[in-house]
Amino acid sequence: MGTPRVLWSITKKCFTVGVITLTVSDLFASIVPVRGASMSPTFNPKTNSLLDSLSDDRVLVEKLCLRNYKFSHGDVIVFSSPNNHKEKHVKRIVGLPGDWVGTIYDVVHIPEGHCWVEGDNTASSLDSRSFGPVPLGLVKGRVTHVLWPPHRVGTVDRKTSQNRVSSSSSASKF
Amino acid sequence: MRQWRIIAKEAMTRASIIGKFLCLLHVTDAYVLSSNHVLGPSMLPTLNITGDVVLVEHLSHRLGKLGSGDLVLVRSPLDPKKTLTKRIVAMEGDKVTFSLDSTRSHNSRSLVVPKGHVWIQGDNLYVSRDSRHFGPLPYGLIEGKVFMRVSNVNANSIAFGFVPQNEFNHIYWN
């Protein structure tokens, strides 16, 4: 029978599958669970239905946007936290480089290479209002679809808030 | 008809071997070891102005084993498509004292590196754009640690050498 040979071939197959999965999830797309309610109601809306409270949402994160780092207002992105590189957050881009974003206290200018992110649930979201603009190099992908739970499967739309952001790209149209 | 099937099967086998090799190449390049071409005057005299090929390992920063004096490859906070090579001068919690332009003034500033960030500087302080200009760098932007350099000593021979660490004799910290 040759048990070492069987073990070796199983190990080789696992290694190959692992390497291929890692490459695909780095370069193309991956599926991640979303924890927390900072993006309610887009992800994890805490309604009273059974399926919603059972498990977290699973979303599809595409990595093709990392070739050019070209994002638009309203994109939902996954990025490493500036204060702890091991944590990843999911938030929406509200400001791009060169924009002026209005917070409660003042108006912030987004420097080159950075973006301003905020969660959809402004009441309970730790985002750029606490840790400032996020360097675009920390972005790990863009969320395009919700894959779980089944009754909320669909694309994630762009939502822009024109009244708070003065963007240099929209000003140049006039 | 059967011949086409045999050819197609052989083509698929060969393509899958190439595909698996490319995936392995990507995983090694991103998670283990890679070679990069770095150039610019900001790391003189450690690295050449016309360019060096350096070997970068991608394990230390994931394991948290980086410290002051390490040469690292980082993604620029000002342009996510560019990578910079600089030296870590201070880790989080350390106090850094620096002056922006030592030829013009004796003023110096001090600050404590916040949590989750590092302070990087080029060895050639006069032309390097580093943390003295854009502030502390989030740890998540670090891509790897440079540990070896390939340089051509003259037209006929190539020298491999370890890059000197601990070259920070012009900054004080507590």
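**Salt bridges, chain contact and backbone features**

In this predicted model, the side chains of Glu143(B) and Arg75(B) meet in a salt bridge, with an N to O distance of 2.9 Å; a salt bridge here is a side-chain nitrogen of Lys or Arg within 4 Å of a carboxyl oxygen of Asp or Glu. Glu143(B) belongs to strand β9 (residues 142-154) of chain B and Arg75(B) to strand β3 (residues 71-75) of chain B, so the pair ties together parts that are 68 residues apart in sequence. Helices (H or I, at least four residues) and strands (E, at least two) are DSSP runs, numbered from the N terminus. Over all chains, the count by this rule comes to 14 salt bridges, while across the interface of chain B and chain A the rule finds zero.

Residues are numbered from 1 along each chain as its sequence is written, and chains are lettered from A and ligands numbered from 1 in the order in which they are written. Local features need pLDDT of at least 70, side-chain atom pairs count only at pLDDT 80 or more, totals for chains, interfaces and linings use all residues, and side-chain values use heavy atoms, with hydrogens and water left out.

The interface itself may be considered next. In it, 20 residues of chain B are in contact with 22 residues of chain A, contact meaning heavy atoms within 4.5 Å. The two chains bury about 1800 Å² between them, 68% of it on carbon and sulfur atoms; buried area is the accessible area (1.4 Å probe) that two parts lose on being put together, summed over both. On the chain B side, Cys23(B), His26(B) and Pro80(B) lose the most area to chain A, together 24% of what that side buries.

The axes of helix α1 (residues 3-27) of chain A and helix α1 (residues 2-31) of chain B come within 9 Å and cross at roughly 70°. Axes are lines fitted to C-alpha atoms, for helices over the stretch in contact, and angles run from 0 to 180 degrees between N-to-C directions. The two helices are therefore roughly perpendicular to each other, a term that covers angles of 65 to 115 degrees. Residues of α1(A) that meet α1(B) include Phe15(A), Val19(A) and Asp26(A), and those of α1(B) include Lys20(B), Cys23(B) and Tyr31(B).

Finally, the backbone holds two cis peptide bonds to describe: Trp148(A) to Pro149(A), with omega about 5°, and Leu44(B) to Pro45(B), with omega near -5°. Pro149(A) is placed in the loop between β9 (139-148) and β10 (154-155) of chain A, and Pro45(B) in the loop between β1 (33-38) and β2 (52-57) of chain B.

Methods: Angles under 35 degrees count as roughly parallel, over 145 as roughly antiparallel, 65 to 115 as roughly perpendicular and the rest as oblique.
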